[in-house]
Amino acid sequence: MSDSEWSIGLSKELYGLNNYMRQEFIDVDDEGFLVVKVNGSSIRVVDLMKKYGLSNAYVRVLPAIRWAMDQVVKSYREASERYTYNGRLIPVYPLKVDANPIVVETIWRYGRKYNWGFEVGTPQELKSIERYLAEGSGVIVLDGFKTVEELETLKKYAERNWRVIVTIESEREAELVSKYAGSLEVGVRIKPMSRTGSKWSLSLGFSSKFGMTLSHFLKMIKDFPHLKESLTTLHIHGGSQITDIKAVSKIAEESLRIFQDLREAGFENLGVIDMGGGLAYPYLDLRDASYESPNYTISDYFNTILSIFKNTGKHPDLVFENGRIITSAHRIVVAKVLETREYGPEEFEEGLDIDFVRKARSIQELERKLIEFKEVLGKMESKSDWGVKAKLIIESTRAKMISAVAMKVMKLVDENPENLTNILNYPTLFKIVTSPSRRFMVSYSLFADIPDKVIVNQYFQVVPASRLNERPNVLASLSDLTCDSMGEFREFYSYVRSITNWRQAFTSIDSRLIAIPGVKIKLGGIPLHLPSSGEDYYVVFLDTGAYQDMLAMKHNLIGEPPEIVIDEDYNGVRIECSKCENNGYID
Ligand SMILES: *Cc1c(COP(=O)(O)O)cnc(C)c1O
């Protein structure tokens, strides 16, 4: 079904599909289906789910990982040409981000041509990559709390072509590495003092969990003179997902200054700066430096760093330790809508008089009256001694009020298009017209599939797998299958540049606001379509490929759904499903 009041282009704006990290792989076909594009083929997400009979799955698009790796190397090359920079790029993959065998295998195999190594933070991670260490060569950076066993293992590989950099953070670790002088290089992790505004800013400043202060390090040198020789690397990690390029730039400046001073102080072998992670992934690609949306790309990242690092005699080599940017796009969570529920009654009993809504002559008047009315209504709702009859009246009144307000706002916008932007000035009104009217019961577990929603309140882009050629019907919250009230997702950022008709700013059934042209707004629900009876309607959470696999929780025993792996093949595309006999969480 097509919709003359909507277009696929509008859907792509609304659902954030014009995203530089994944637009090569995630797109919408002419009939409004979400597709995965690999090697010239387009595969409908809906078809994948139907083929295997699944209600929930992770879809892994492995070429997205390789593409991201290519972008890193390409962008570095361009930046180093621009600044005639002669330091080398040393890319390593931080296993913490996703140590899933299929992800690590993909990075390792493809990374051979770029000499892509690993960053390891625990003995368990080191063990997980031993077969690659035995097989090849490259660079390995050891972070975290170090053990003798790790150093013994790494010594073995250092003797077989691996370049090993052990990042120390204490006297104990300085002592540990002193026994390996000559085979293991040493890095020192210094606490950055620059503020980055990252949610992970516990990595920063005086009280940060990691690293040592510069003064501590310089004092320590006296007891461990071997460091003068073996120190090759200065390591500064400013926290994950640093969304403001100015903060990246400050950390780069801070690093370079310390690097120069240490070299002048006689650390002659110091030649590498490890800037850690922090390169932000565009969960939203609006470039506004909000938590979700970095104001820079991979290319801007290198241009910024190299434009600073070039200002010294010996250009340092740069360890690239970012993982989020490499793996985020590759995994999407697909989940079927099993049932839809209404927030309030649709058929109204007699209720309190809400004629003030219809009669309001302006948006200001509506807001003012609403505030008064909501206060009265709130007091009534909190009464505990009222019987069923009274309760019905109150429930009906609220439902009727919300619906009347939504209709009235549409009418006000119809009369005067400027009212669309005016709504922003009226918070009570705005909240009502962007509130969900439906709860979609969806076959997923927020705790298993997108745990960072609970841990750091991370934003994920949601998009329906079909009907992207139709105007959304309703705003919906997405309830998961756990018995936990936190298992609900209902955040949505909308940023649409232009609409051709004011109706496009509203959903077609519950008349909720979904767009104000040129303004980023946060909705209280996801714009979706009400599935018709028997329709297989799926929602997709994008960008879940970093950290979510590793942090997954088993709340209510839900987890480990089937996985559909999509990769390119000599003759096209290879699709494989593992654990597909599980059928997803619920049939
Ligand atoms: C977590 C971590 C990384 C990865 O950072 P992202 O920005 O999330 O990719 C890199 N280096 C160190 C030391 C880390 O702790």
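The crossing of helices α3 and α12 is right-handed in this predicted model. Helix α3 spans residues 62–82 and helix α12 residues 298–309; their axes come within 9 Å and cross at roughly 35°. On the α3 side, the contact is made by Gln71, Val72, Ser75, Tyr76, Ala79, Ser80 and Arg82, and α12 contributes Ile298, Ser299, Phe302, Asn303 and Leu306. Sorted by class, this contact of α3 with α12 has six nonpolar, five polar and one charged residues.

Helix α15, residues 363–381, packs with helix α16, residues 388–415, at an angle of about 165°, and their axes are 11 Å apart. The angle therefore makes α15 roughly antiparallel to α16. The crossing of α15 and α16 is left-handed. From α15, the contact involves Ile363, Leu366, Leu370, Phe373, Lys374, Leu377, Met380 and Glu381. Among the α16 residues in this contact are Lys391, Ile394, Arg398, Met401 and Leu412. By class, the contact of α15 with α16 has eleven nonpolar, one polar and five charged residues.

Finally, let us consider the ligand. Which of the 15 residues around the ligand come nearest? They are Lys96, Ser240, Gly278, Glu321 and Tyr547.

Technical notes:
Residues numbered from 1 in each chain as written. Predicted model: local features only at pLDDT ≥ 70, side-chain atom pairs only at ≥ 80, totals over all residues. Heavy atoms only, no water. Axes fitted to C-alpha atoms, helices over the stretch in contact; angles between N-to-C directions. Helix = DSSP H or I, 4+ residues; strand = E, 2+ residues; numbered from the N terminus. Parallel < 35°, antiparallel > 145°, perpendicular 65-115°, else oblique. Left-handed = near helix turned anticlockwise from the far one by under 90°. Contact = heavy atoms within 4.5 Å. Nonpolar A, V, L, I, M, F, W, Y, C, P; charged D, E, K, R; others polar. Near = heavy atom within 4 Å.
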